[in-house]
Amino acid sequence: MKHVLSSEQYTRESLDELFDLADKIRNDPKKYSHKLDDKIIAIMFYEPSTRTRLSFETAALKLGAKIITTENAAEFSSAAKGETIQDTVKVIAGYADAMVIRHKSDTSAMDAASVNKIPILNAGAGKGEHPTQSLLDMYTIKEKKGRLDNLKVAILGDLLYGRTIHSLLKLLSLYNNIEIYGLSKEAFSLPQEYIDMLKSKGIEYKKCSSFDELPKDLDVIYHTRIQAERFEGDFGKEEFIINKEVLNRFSENTILMHPLPRVIEISTDVDDDPRACYFEQAHNGLFIRMALLLQVLDKA
Ligand code: CP
């Protein structure tokens, strides 16, 4: 049974394979438009989403699949009556061929996959991982920079609760000569386990306290929203805001990424800058998620 649960399951080779398939779909979508004609995909989102949910639904529809779903699964599925994820998957496996799940629990996708009846695709699990986001992030970096080795990457925002950051670091660590710089409010610092993981792959994590400490020739600035829904209390707003003046401190070859949604951390005055690629990044999610659905259903 093929699942997409964590960025840890990927290798350089399997990323190449995925990105090649995404390119093929992008270049010749008609060829793939009936690949999943006989399939039904269950879309179970227990947390809010715009991009991940709608791009997975669009991906399924563009491949010919049908979708079944429940609005706001936390409230309107039987989870509200106390049903476990495992029991939900056992039932859905009788209706659908694969299931996409977003949930507040870090272990939700693993719990769903433990039933081992249908492929599970992790669309965001608590503060843990968001592997399909990191796959489209890497695809976008490769598209924009032409390589995945030899990169200087700055991660900003919520490095503590930001699951997109956690999954991205795992994928970046597969490559050679990667430099990672972190810039966040102290309360949202990168957890030690990720610093240790990077170290184990020969990558020294450089914690910074101001924009001045970031190299001017960064390849990628990856900003994220403070995940206010994941903690209680008030730690204040983002301090490290990228506006035109800040972006212009960096190279004309530095790309600016964000998984979206953004709040205040990237000013709209940089949206038209050629270095800002967050909307293209979101669009790339469609091709990556089409490729992932084909792979888990053995239709690649
Ligand atoms: N990047 C991302 O996960 O966006 P959504 O929450 O809108 O799905």
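**Ground rules.** I'm working with a predicted model, where local features need pLDDT of at least 70, side-chain atom pairs count only at pLDDT 80 or more, and totals for chains, interfaces and linings use all residues. Residues are numbered from 1 along each chain as its sequence is written, and side-chain values use heavy atoms, with hydrogens and water left out.

**H1 against H6.** I started with two helices (helices are DSSP runs of H or I with at least four residues, strands are E runs of at least two, both numbered from the N terminus). I looked up the axes of H1 (residues 12-27) and H6 (residues 131-145): they come within 11 Å and cross at roughly 75°. Axes here are lines fitted to C-alpha atoms, for helices over the stretch in contact, with angles from 0 to 180 degrees between N-to-C directions. That makes H1 and H6 roughly perpendicular (65 to 115 degrees; under 35 is roughly parallel, over 145 roughly antiparallel, the rest oblique).

I then listed who meets whom (contact is heavy atoms within 4.5 Å). H1 brings Leu15, Asp16, Leu18, Phe19, Ala22, Asp23 and Arg26, and H6 answers with Leu135, Met138, Tyr139, Lys142 and Glu143. By class I get seven nonpolar, no polar and five charged residues. The classes are Ala, Val, Leu, Ile, Met, Phe, Trp, Tyr, Cys and Pro as nonpolar, Asp, Glu, Lys and Arg as charged, and the others, Gly among them, as polar.

**H6 on its own.** H6 is mostly covered, with 12 of its 15 residues buried (under 20% relative accessible area; exposed is over 50%, partly exposed in between, 1.4 Å probe, protein chains only). The buried ones include Leu135, Met138 and Tyr139. Just after H6, I noted a positive phi of about 80° at Gly146.

**Rings.** I count five aromatic pairs (ring centres of Phe, Tyr and Trp, its six-membered ring, within 6.5 Å; planes under 30 degrees apart are stacked, over 60 edge-to-face, the rest tilted). Phe188 and Phe231 make a tilted one, 5.4 Å centre to centre with 50° between the planes. Phe188 sits in the loop between S6 (178-183) and H8 (192-200) and Phe231 in the loop between S8 (220-222) and H9 (244-247), so the pair ties together parts 43 residues apart in sequence. Both Phe188 and Phe231 are buried. Ring pairs also link Tyr161, Phe188 and Phe231 into a cluster.

**Gln227.** Gln227 is in the loop between S8 and H9 and is buried at 10% relative accessible area. Beyond neighbours within four places in sequence, I find Gln227 in contact with Asp158, Tyr161 and Gly162.

Asn150 has a positive phi of about 55° although it is not a glycine. I place Asn150 in the loop between H6 and S5 (151-156), partly exposed at 40%. Asp219, outside four places in sequence, touches residues including Lys145 and Asn150. I also found a cis peptide bond joining Leu260 and Pro261, with omega about 5°; Pro261 is in the loop between S9 (255-257) and H10 (278-296).
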